[in-house]
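Student: Hi! I'm new to this one. Could you walk me through it?

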Amino acid sequence: MEKLLELNSIKKYYPVVQGFVKKKNIFLKAVDGVTFSIFRGETLGLVGESGCGKSTLGRVILRLEKPTSGTVLFDGKDMAGLSSKELKKLRLKLQIIFQDPYASLNPRKNVASIIGEGMLIHGLATRSDLRKKVNMYLELVGLDKEHLDRYPHEFSGGQRQRIGIARALALGPELIVADEPVSSLDVSIQSQILNLMMDLKDNFNLTYLFISHDLSVVKYICDRVCVMYLGKIVELSQKEVMYDNPLHPYTAALFSAVPTVDVDKRGLKRKRIILSGDIPSPVFPPSGCNFHTRCPEVRELCKNEDPPLEEKGGGRLCACHFR
């Protein structure tokens, strides 16, 4: 499969500030050495607990944040080496769908302006044919021309998210970062939006990075799943393999919390794994494996040596000494 996006040892550290003074050599390690690829035409799910660095990584991919170190290659090109003109052109291929469909839409602009603004900036439409093109994208997401002159507060949450999807789609992207796009919607509306995204993916040959904490949604829409803990990737594999047999102890605990009626070969439901303690501070992460302070299978090696993300057979990657 062709690689559309490659991340190599991406780190994003934020200096810790007290008042107006930066604390010397103290950083919040939001993303700490992430390496993986996204293949053209796939949907890669990025999951993990709140605060693990998922959204920060999404912003780094979109170049909304500059990485502290590491490289982001889009279609083989290093985004850090692009001029401002080249980067502006590349932004057409990289778009985002936000979590909160209301906060992401300008309340002072109508739908025609919200969707059409980017098209005008990038020369994809003229003033004379703008409304016609905007209406075309509205119809693709299940709205119509009657909505062109309305404002965000006049729509439901699901309709607002459809507008956000149309805005992203209007620039002709190849990769869309969907940052928890259905988490604020009712369950019945979630399925409609997910089905819409899947249809658009097939029709426009889109690639998604789907960021979520809802593992049921991820299982429905994604091809592969990447599990993140405290700024690092701990496991990555095809979704069927991971859901059937998670390797990393953190992945197993995460998946055991998903409500299910499935039973194993012995006719027993999957046992819930309860983790002890809280997520450590990303400012002062533990030595060795980041997960060792909460791991039910911790050993002495885990406390002293950080396990690399390694191939475990069948295309599965896992960062654990004993898997």
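Student: What should I know before we start?

Tutor: This is a predicted model, where local features need pLDDT of at least 70, side-chain atom pairs count only at pLDDT 80 or more, and totals for chains, interfaces and linings use all residues. Residues are numbered from 1 along each chain as its sequence is written, and side-chain values use heavy atoms, with hydrogens and water left out.

Student: OK, at what angle do H5 and H6 pack?

Tutor: Helix H5 (residues 157–169) and helix H6 (residues 187–204) pack at about 15°, and their axes are 10 Å apart. Helices (H or I, at least four residues) and strands (E, at least two) are DSSP runs numbered from the N terminus. Axes are lines fitted to C-alpha atoms, for helices over the stretch in contact, and angles run from 0 to 180 degrees between N-to-C directions.

Student: So are H5 and H6 roughly parallel or roughly antiparallel?

Tutor: Roughly parallel. Angles under 35 degrees get that label, over 145 is roughly antiparallel, 65 to 115 roughly perpendicular, and the rest oblique.

Student: Which residues meet there, between H5 and H6?

Tutor: From H5, Gly 158, Gln 161, Arg 162, Ile 165 and Leu 169 meet residues of H6 including Ile 189, Leu 196 and Phe 204. Contact here means heavy atoms within 4.5 Å. By class, the contact of H5 with H6 has eight nonpolar, three polar and one charged residues. Ala, Val, Leu, Ile, Met, Phe, Trp, Tyr, Cys and Pro count as nonpolar, Asp, Glu, Lys and Arg as charged, and the others, Gly among them, as polar.

Student: And how do H3 and H5 pack?

Tutor: Helix H3 (residues 111–121) packs with H5 at about 25°, axes 8 Å apart. That makes H3 roughly parallel to H5. Val 111, Ile 114 and Ile 115 in H3 meet Ile 163, Ala 166 and Arg 167 in H5. The class count for H3 with H5 is five nonpolar, no polar and one charged residues.

Student: Switching topic: how many aromatic pairs are there?

Tutor: The count is five aromatic pairs. Rings of Phe, Tyr and Trp (its six-membered ring) pair if their centres lie within 6.5 Å; planes under 30 degrees apart count as stacked, over 60 as edge-to-face and the rest as tilted. One of the pairs is Tyr 229 with Tyr 250, tilted, at 4.7 Å centre to centre and 55° between the planes. Tyr 229 is in strand E9 (residues 224–229) and Tyr 250 in helix H9 (residues 249–256), 21 residues apart.

Student: Is Tyr 229 buried or exposed?

Tutor: Buried, with a relative accessible area of 2%. Buried means under 20% relative accessible area, exposed over 50%, and partly exposed in between (1.4 Å probe, protein chains only). Tyr 250 is buried too, at 1%.

Student: Why is the pair of Tyr 229 and Phe 291 called edge-to-face?

Tutor: Their planes are at 85°, so the pair is edge-to-face, with ring centres 5.2 Å apart. Tyr 229, Tyr 250 and Phe 291 form one aromatic cluster.

Student: Where is Thr 251?

Tutor: Thr 251 sits in helix H9 and is buried, at 0% relative accessible area.

Student: Last one: what does Lys 232 touch?

Tutor: Not counting residues up to four places away in sequence, Lys 232 touches Asp 32, Val 34, Val 227, Asn 290 and Asp 306. Lys 232 lies in strand E10 (residues 232–238) and is buried, with a relative accessible area of 19%.
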